[in-house]
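Hi,

Here is the structure I promised to pass on.

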Amino acid sequence: MESINKLVGRRIRKLRLEHDLTQDELAEQLNLHNSYIGLLERGLRSPSLDTLSKIATFFKIPLASLLVDEGMVKNIEVKSEELFEIIKDKSTQEIEVLIKIGRIIFP
């Protein structure tokens, strides 16, 4: 299994490249040292929660999305859309029943 540092580093690098930023530019935007960004991207350093929060805020993404595999995030998004389609026309009472059932099945 991939280490969390490697996973986070891969996500940071992907986001940086998607925004056409160099490590120097990202470091400047986050008020961090450019060599630290390189260490993060290679999974050689563990970022603090404050640093993760800065990164997530800068890229306008939920902090949690830095901590999970991108494929997992996309899968969750697809499943969320499927669930929404199922419940969109249901009453509040019906939705509450579905939530209770979900909690029984997935404690």
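Let me start in helix 1: Glu18 and Lys14 sit four residues apart there, so about one helical turn separates them. Helices here are DSSP runs of H or I with at least four residues, numbered from the N terminus, and strands would be E runs of at least two.

Before going further, some housekeeping. This is a predicted model, where local features need pLDDT of at least 70 and side-chain atom pairs count only at pLDDT 80 or more, while totals for chains, interfaces and linings use all residues. Residues are numbered from 1 along each chain as its sequence is written, and side-chain values use heavy atoms, with hydrogens and water left out.

**Salt bridges**

How many salt bridges does the structure hold? There are three, taking a salt bridge as a side-chain nitrogen of Lys or Arg within 4 Å of a carboxyl oxygen of Asp or Glu. As background, side chains of opposite charge can pair when their charged atoms come close.

- Glu18 and Lys14 make one of them, with 2.3 Å between the closest N and O atoms. Glu18 is partly exposed at 49% relative accessible area, and Lys14 is also partly exposed, at 32%. (Buried is under 20% relative accessible area, exposed is over 50%, and partly exposed lies in between, with a 1.4 Å probe and protein chains only.)
- Arg16 and Glu41 pair up at 2.5 Å, N to O. This pair ties together distant parts of the chain, with Arg16 in helix 1 and Glu41 in helix 3, 25 residues apart. Both residues are buried.
- Lys88 bridges to Glu85, the closest N and O atoms being 3.0 Å apart. Lys88 is partly exposed at 42%, and Glu85 is partly exposed at 48%.

**Surface patches**

Patches are built from residues with over 30% relative accessible area and no salt bridge, joining like charges within 9 Å and nonpolar side chains (Val, Leu, Ile, Met, Phe, Trp, Tyr) within 5 Å. Areas are Shrake-Rupley values with a 1.4 Å probe, and for residues only the protein chains shown count as cover.

The nonpolar patch consists of Leu83, Ile86, Val97, Leu98, Ile101, Ile104, Ile105 and Phe106, together about 840 Å² of accessible area. Helix 5 (70-87) and helix 6 (92-105) are the elements that give it two or more residues, and helix 6 has the largest share, with five. Ile105 belongs to helix 6 and counts as exposed at 53%.

There is also a negative patch: Asp20, Asp24, Glu25 and Glu28. Asp and Glu count as negative and Lys and Arg as positive, leaving out His and the chain ends; each charge is placed at NZ of Lys, CZ of Arg, CG of Asp or CD of Glu. Asp24 is in helix 2 and partly exposed at 47%. Asp20 lies in the loop between helix 1 (4-18) and helix 2, and is exposed at 68%.

**Backbone and a buried leucine**

Most residues other than glycine have a negative phi. Asp20, however, has a positive phi, near 50 degrees, and Asn31 has one near 60 degrees. Asn31 is in the loop between helix 2 and helix 3 (34-41), exposed at 68%.

Leu30, in helix 2 (residues 23-30), is buried at 4%. Which residues does Leu30 touch, not counting those up to four places away in sequence? They are Ile37, Lys54, Ile55 and Phe58, with contact meaning heavy atoms within 4.5 Å.

Cheers
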